[in-house]
Amino acid sequence: MTTIKYNLQDFDFVDLSHRETKPRTRIRLLILAHLKDGKTQEQTAKSLKTSPSTVKRTYKRFKKYGISGLDDQPKTGAKFKLPKDQHEEFKKYILERQKQREGGRLTGYEIQDIIKDNWNVTYSLAGVYRLLHYLELSWISSRSKHPRQDEEAQENF
């Protein structure tokens, strides 16, 4: 497998930086513009107030991936404590428990207890909501209705 090497002379980095909306990518384009003009990595780092390692890393990414390599890489974040193969089972369980309720939603604290009891995994409250968001379960809802609420009486009022 051959790797494609991109050449600094093939691009107008200053023009690209003017059109770029992301600040970090704009700085990376300016780094490459300075290198294209013949500045050393140290001179480039000093003039753009970045570290020499940033200049070196940017240049390597450009040589390997081209312009598309200058964008930020996706962040992975912390791994979920509940194994991925159990996510679907957990989602079905939560949806079924929600259907059984007479009013209101399961709270984050209740879901914490459910995870602890059924899967023996401990989550913080923020971790529970992060897991629910990842599983596309929105836990934001309107105010629940009281079971003995009379809608006709409300309309007359």
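F11 is partly exposed, with a relative accessible area of 23%, where buried means under 20%, exposed over 50% and partly exposed in between (1.4 Å probe, protein chains only). F13, at 1% relative accessibility, is buried. The structure is a predicted model, in which local features need pLDDT of at least 70, side-chain atom pairs count only at pLDDT 80 or more, and totals for chains, interfaces and linings use all residues. Residues are numbered from 1 along each chain as its sequence is written, and side-chain values use heavy atoms, with hydrogens and water left out.

A pair of aromatic rings is described by the distance of the centres and the angle of the planes. Rings of Phe, Tyr and Trp (its six-membered ring) pair if their centres lie within 6.5 Å; planes under 30 degrees apart count as stacked, over 60 as edge-to-face and the rest as tilted. Seven aromatic pairs are counted by this rule. One of them joins F11 and F13, a tilted pair with 5.8 Å centre to centre and 35° between the planes. Ring pairs link F11 and F13 with Y6 and F62 into a cluster.

The rings of F80 and Y134 have centres 4.7 Å apart and planes at 45°, so this pair is also tilted. F80 lies in the loop between α4 (52-65) and α5 (87-100), and Y134 in helix α7 (residues 125-134), so the pair ties together parts that are 54 residues apart in sequence. Helices here are DSSP runs (H or I, at least four residues), numbered from the N terminus. F80 is buried at 17% relative accessibility, while Y134 is partly exposed at 41%.

Charged side chains also sit over rings, a term that requires NZ of Lys or CZ of Arg within 6 Å of the ring centre and within 35 degrees of the ring normal. The charged end of R130 is placed over the ring of F80, 4.3 Å from its centre. K81 lies over the face of Y123, at 5.9 Å from the ring centre.

T44 lies in helix α3 (residues 41-48) and is buried, with a relative accessible area of 0%. Leaving aside residues up to four places away in sequence, T44 touches I31, H34, L35, K39 and V55, contact meaning heavy atoms within 4.5 Å. Between the two helices, Q41, T44 and A45 in α3 meet P52, V55, K56 and Y59 in α4.
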